[in-house]
Amino acid sequence: MDQAFGKRREAAVEVKAGRARLKGILGLPAGMAGVVLFAHGSGSGRLSPRNTFVARMLQDGGLATLLLDLLEEHEADDRRKVFDIDLLADRLLAATEWLAQEPATKGFQFGYFGASTGAGAALQAAARAPASVAAVVSRGGRPDLAAPYLPQVKAPTLLIVGGDDSPVIRMNEDALALLACPKELVIVPGATHLFEEPGTLEEVAGLARRWFLRYIPDSA
């Protein structure tokens, strides 16, 4: 069902990935300049309030978004699949191919926004299909889960970490050293892993929007 929000539309969609049928929410702003796919962290999905907030801010900047459950409902409690980065990357690539076929998004450039474990999937997918991905943003991400793939990532990559999220800061510093693409690490002062502190998620969304608009060309 489509819903209108000002100058944008949101629609429930289903993406086929092998035998899986993945539920998603496609947000289409007016005058869109590109498309950002979200790879959620463990225990999260298309209805994540944090990623929904970021998606709305990206839409306000002219970027379409796809909030997608990379696991089916019966898989979501299987910890082996939650941390199966190869499987999640496979499904993210399937969703990228789906968007490339959809009339509303066909011809646009794509970016990935990954959170927590989803960042590992996003970076692996970007490495495996460099021609398909124009930019990557990681929020509180686990890029270490994609460590063997990081030197192969070509898409400009922004790593955003909370200043009070010490273990993840170290993981992202190590990942930054492995990346050979245009890259940047931003540490948001006073933020913890989920960026629940006042103003911190707004900062993440603003950083992500600027990064995507910088590197995703309007090619439609």
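Helices (H or I, at least four residues) and strands (E, at least two) are DSSP runs numbered from the N terminus. The structure is a predicted model, in which local features need pLDDT of at least 70 and side-chain atom pairs count only at pLDDT 80 or more, while totals for chains, interfaces and linings use all residues. Residues are numbered from 1 along each chain as its sequence is written, and side-chain values use heavy atoms, with hydrogens and water left out.

The buried residues of helix 5 are Val168, Ile169, Asn172 and Ala175, where buried means under 20% relative accessible area, exposed over 50% and partly exposed in between (1.4 Å probe, protein chains only). Seen down the helix axis, these buried residues fall within an arc of 125°, so they line one face of helix 5; the arc is that of the directions from the helix axis to the C-beta atoms. On the other side of helix 5, Arg170, Asp174 and Ala177 are exposed. The cover over the buried residues of helix 5 includes strand 7 (135–139), strand 8 (157–162) and strand 9 (183–188).

## Ser138 in strand 7

Strand 7 holds Ser138, a buried residue with a relative accessible area of 1%. Leaving out residues up to four places away in sequence, Ser138 touches Gly114, Ala119, Leu158, Leu159, Ile160 and Asn172, contact being heavy atoms within 4.5 Å.

Strand 5 pairs with strand 3 in the antiparallel sense over four bridges, and Gly24 stands opposite Leu68 in strand 5. With strand 4, strand 5 pairs in the parallel sense over six bridges, and there the bridge partner of Gly34 is Leu63 in strand 5. Two strands count as paired if DSSP finds at least two bridges between them.

## The nonpolar cores

A nonpolar core is a set of buried Ala, Val, Leu, Ile, Met, Phe, Trp, Tyr and Cys residues joined through side-chain atoms within 4.5 Å. The largest one has 47 residues, of which Leu66, Leu99 and Tyr112 touch the most other members. Among the elements that give two or more residues to this core are strand 5 (63–68), helix 3 (85–101) and helix 4 (117–128), and its largest share, ten residues, comes from helix 3.

Beyond its neighbours within four places in sequence, Leu66 is in contact with residues including Val13, Ile25, Val36, Trp98 and Leu99.

## Confidence along the chain

The protein chain has a mean pLDDT of 91, and 94% of its residues reach 70 or more; pLDDT is the predictor's confidence in each residue, from 0 to 100. Among the elements of the protein chain, strand 9 has the highest mean pLDDT (98) and strand 1 (residues 2–5) the lowest (44). Over residues 1–6 the pLDDT is below 50, although this stretch has eleven contacts in the model beyond near neighbours in sequence.
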